[in-house]
Every structure is written in C-alpha cells, then in structure tokens.
Amino acid sequence: MPLLVSDAIVLHAFDYLESSRILRLATREGGVRSALAKGARRSQRRFGSALDLFAQGSAQLSTRTGRDLDTLAGFDVVASRAALAEDLGRFAGASAIAELVLHFQSDHADPALFDALAATLDAIAAAPPSRAVDAALAGAWRVIGALGFAPALAECAECNAPLDDEAPALFTHAAGGLLCERCARLAPGGRRMPGEARRALQAWSRGGEADPLDAPAARAHLRLLREFLLHHVVDGRPLRAFELWERQSTGSGA
Amino acid sequence: MSAIDDLATEFAKLPGIGRKTALRLTYHLLKQPAEQSRRLAQTLLTMGERVRPCERCYNLTEDVLCAVCRDPRRDQAVVCVVEEASDIGAIERAGEYRGVYHVLGGRLSPLDGVGPEDLTVARLVERVRGGGVREVIVATNPSLEGEATALLVRRELAGAGEVAVTRIALGLPVGGDLEYADGVTIARALTARRAM
C-alpha cells in the first residue's frame, strides 16, 4: 500500500467498532481524507493524545487506489491546540471552521488552504474570549478565499466597476459580492453593508485583522456569513456546527 | 424488499456495522434454530419497553430510579458527571467511588449537531439547586470535546449555589512509562502536579 506522509489537522473524529476511530483529516498533500485509526481508543501508546480534535502533526497514511478510507499508520503531533477547549466561543468557532473545510474541500492537495486553516485555528486559540468570534469570522473569510469563493469587495461583482471604499454598498450572494449603485438598482435583493463592515470583510479576506466588533456587528457578520455559505452549499447538508456557533456567539440558546 | 434485506438494513444502522457485516449477521441468524431468533427479537422488544433513563441521574434502569440512586450507602452529596451511562461501569469497576452519578447523554460536538441543549446539564443544575449536593466531579473524557463539555458544566453550575466543582485528574497512566508518553500528556501531568 502506498504511504502518504503529510502535515495534517484532525477536523472530526468518531468511534468505530470497539476500539478504533475514524478521523477526517485536512492534509497539506492530499486534501481532506478519511482515515481509520485502528485501536486508537484502547492503546494510548500508539497515538497518544495526537488524535484529539484540531491537533496538527505529521500523518502517515496507508492509501489504496479506489478506497475512500485510508489507514492511519502513525501521527506525530506538533500542536495540540488545547486552548480551543478553554472557551466555548473558541470551541464553537473552530468547529464551524472545521465544518466549512469538510463541506467544501476535496481530496486534492491545496497547501494554501491548509496554511489558512492552520493559521485560523491558531488565531482562534490565541484570541481572548471576548474576541473569539472576531478571530473565527476572520478565519472563515480567509478559508473561504483559499477555497476560491472569495466575494468581490473592491469592485462591482457584476460590471467590475471600482467601488468607493467608504460608502455603503449592496452585497448579494447571487452575484458573489458587492454591487455598484447602478447594478444594485437591478438586483432583486441583498444586504446593504456599511463601510466599516466592508473594510472588516476586506481585511479578513486578505488574512488581516479588523477593528473589534460589537455585539450587533458580530450578529450581522455571522448572518452574512451563514447566508453566503448556504448559498454555496449544493448538497443540502445542514451547517450544524455553524448554527451552534451562531447561537453561542449571539447568546440565543447556548 | 425481502425480509433478508430488511434485517440487514436494520443491522447496518447499528454503530460500527457496515453492509457486509450486516449481511453476515443476517445469514448467521438464518442458520440458527427459529427459537433463537424469536428469543433475540423478544429480548430486543423487552429492552425497548423496560429500559429507560433514571429520573434523577439519567443512568439506564428498569425502575424509576437506578440502582446507584436507590442505594442508601451511596453519598448523595457527591455527584460524578459522566458523558454516557456506559462510563459509570468503568468507574464502578475501579471500586473507589461511593458517590452518585449524573449522565449528560453525550458531549459537546458541534460537528455532530450536539449542543448544550442536547445534554442534561440543565437537569444537573436543577438537581444541585435542589440542595444536598456538596461536590460535583466532572469526569468527561480528556479530549477537546470532553474539556469543552466540562467547561460548560462548570459555567452552568456557577450560579447554582454553594457547590465545589472539581475535574478528574489528567496525566500519566498508572504503570505507564514516562519515556513513551507523548508531550501533551506529560504537559498535562505537570500542570496537574500535586504536593507530596
């Protein structure tokens, strides 16, 4: 069986049979892959704490042509990201990012996406609890950009006319970004974004930081992101982690 | 669909059973005497009718309260919080714990759609508010999801009155070898060190 050795991040893990686990891994060289970790629940000696959620390390995967499930031969952990469990906002945000990658990435190598994911999880883990939602929103848009779904923010998504950075503009999911005044008049719907929100979105999409969000701004950004993702989800699977993150962050429920 | 397909489909819904194993189990049952299949079916029916969650702690029982909650020798003032009813067996096998339990019914897992409202944390808070609880030991698994769940329990209990909330110790396994332990486990063991 060919061996794939790659940097990897654990995105999802669930128990399989009595003592094994099935992992969903984001890998630098092989995209998102499923792997069977035999005996992972019973023997801590084999994988140790490496297979915890969001842990990053070097995975050794035995692959087989025509099989969707690899076998995990080893995993040398480099970063455990335990800080993500020290705040529920961080945990929920990181889970939503993992869901985003699981939904949209294929099994093709995408080093830029892998790096964006790793940087995002690190940023969420390092964010103070009050800024966890900002860090996760920034990371989500960065990951979306790396996936190739980045919205048009500097110029009109329909006619490519340059946009004034300060003025409010209409954001439509169908067009894939902001519209100039002329195209906005013809658009059937959308959300009008104030300049501050547009600047935040632009900064996040470039992998930068924006000014701290207050609660109403965070709610508005979460709503925009949810609508954007739902517009691009084609298989009808619900965004369960995202819903939980939104509830957690806006205080409605959790 | 044939009866064979029906049964294989039902088996395949069980955790860890794929289509191939489901068919193997089905053909195995077909080779057994009819009486054995009838007994299996009856046992499944009886289990579904009789087994239910304990009204106090959500352990599995055939009565209103489980055997642990009914036991007068148990310390009702100490409550050990576990993810699943099956975790109780593991703690009981150790033979050291004399308190009672509270089963959360899972752990926080946003990717599986399990949020705070899917766990019995609110019921635990009610139980503590009801009085008579001195300590809550959070014994969720030492995984990221288990830690997040422990954090949720601690947060929700913060306003529930005078109760000590403790976490089971994390670190090196008994009989283990420091040389072969991974870095994260050693780091946690060092963080949770205690005076001698």
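Me: Where does B:His102 lie in chain B?

Reply: In this predicted model, B:His102 lies in strand E4 of chain B.

Me: Why is B:His102 called buried?

Reply: The relative accessibility of B:His102 is 0%, and buried means under 20%, so B:His102 counts as buried. Leaving out residues up to four places away in sequence, B:His102 touches a list of chain B residues that includes B:Tyr58, B:Cys80, B:Thr120 and B:Arg127.

Me: Which residues does B:Val114 contact, and what makes each of them a contact?

Reply: A contact requires heavy atoms within 4.5 Å, and, with its neighbours within four places in sequence set aside, B:Val114 is in contact with A:Leu244, B:Arg107, B:Leu108, B:Ser109 and B:Leu119. B:Val114 itself is found in the loop between strand E4 (99-103) and helix H6 (121-129) of chain B.

Me: How do you know whether A:Cys156 is buried or exposed?

Reply: A:Cys156 has a relative accessible area of 0%, and the limit for buried is under 20%, therefore A:Cys156 is buried. The residue sits in the loop between helix H4 (132-147) and strand E6 (169-172) of chain A, where, not counting residues up to four places away in sequence, A:Cys156 touches A:Ala161, A:Leu163, A:Leu178, A:Leu179, A:Cys180 and A:Cys183. From A:Leu4, A:Cys156 is 152 residues apart in sequence and 43 Å apart in space, C-alpha to C-alpha.

Me: What makes A:Thr172 a buried residue?

Reply: The relative accessible area of A:Thr172 is 7%, which falls under the 20% limit, so A:Thr172 is buried. A:Thr172 lies in strand E6 of chain A, and its contacts, residues up to four places away in sequence not being counted, are A:Gly177, A:Leu179, A:Ala187, A:Gly189 and A:Gly190.

Me: Why is the pair A:Arg90 and A:Glu86 called a salt bridge?

Reply: The side chains of A:Arg90 and A:Glu86 meet at 4.0 Å, N to O, and the rule asks for a side-chain nitrogen of Lys or Arg within 4 Å of a carboxyl oxygen of Asp or Glu, so the pair is called a salt bridge. As for accessibility, A:Arg90 is buried with a relative accessible area of 9%, whereas A:Glu86, at 54% relative accessibility, counts as exposed, because the limit for exposed is over 50%.

Me: How many salt bridges does this rule give over all chains?

Reply: The count comes to 24 salt bridges over all chains. Some of the charged residues are linked in a network of salt bridges, among them A:Asp7, A:Arg28 and A:Asp115.

Me: What makes A:Glu227 and A:Arg191 a salt bridge, and why does the pair tie together parts apart in sequence?

Reply: The N to O distance between the side chains of A:Glu227 and A:Arg191 is 2.7 Å, and the cut-off is within 4 Å, so the two meet in a salt bridge. Because A:Glu227 lies in helix H7 (residues 215-232) of chain A and A:Arg191 in strand E8 (residues 191-193) of chain A, the pair ties together parts that are 36 residues apart in sequence. A:Glu227, at 21% relative accessibility, counts as partly exposed, and A:Arg191, at 32%, counts as partly exposed.

Conventions. Residues are numbered from 1 along each chain as its sequence is written. Chains are lettered from A and ligands numbered from 1 in the order in which they are written. This is a predicted model: local features need pLDDT of at least 70, side-chain atom pairs count only at pLDDT 80 or more; totals for chains, interfaces and linings use all residues. Side-chain values use heavy atoms; hydrogens and water are left out. Helices (H or I, at least four residues) and strands (E, at least two) are DSSP runs, numbered from the N terminus. Buried means under 20% relative accessible area, exposed over 50%, partly exposed in between (1.4 Å probe, protein chains only).
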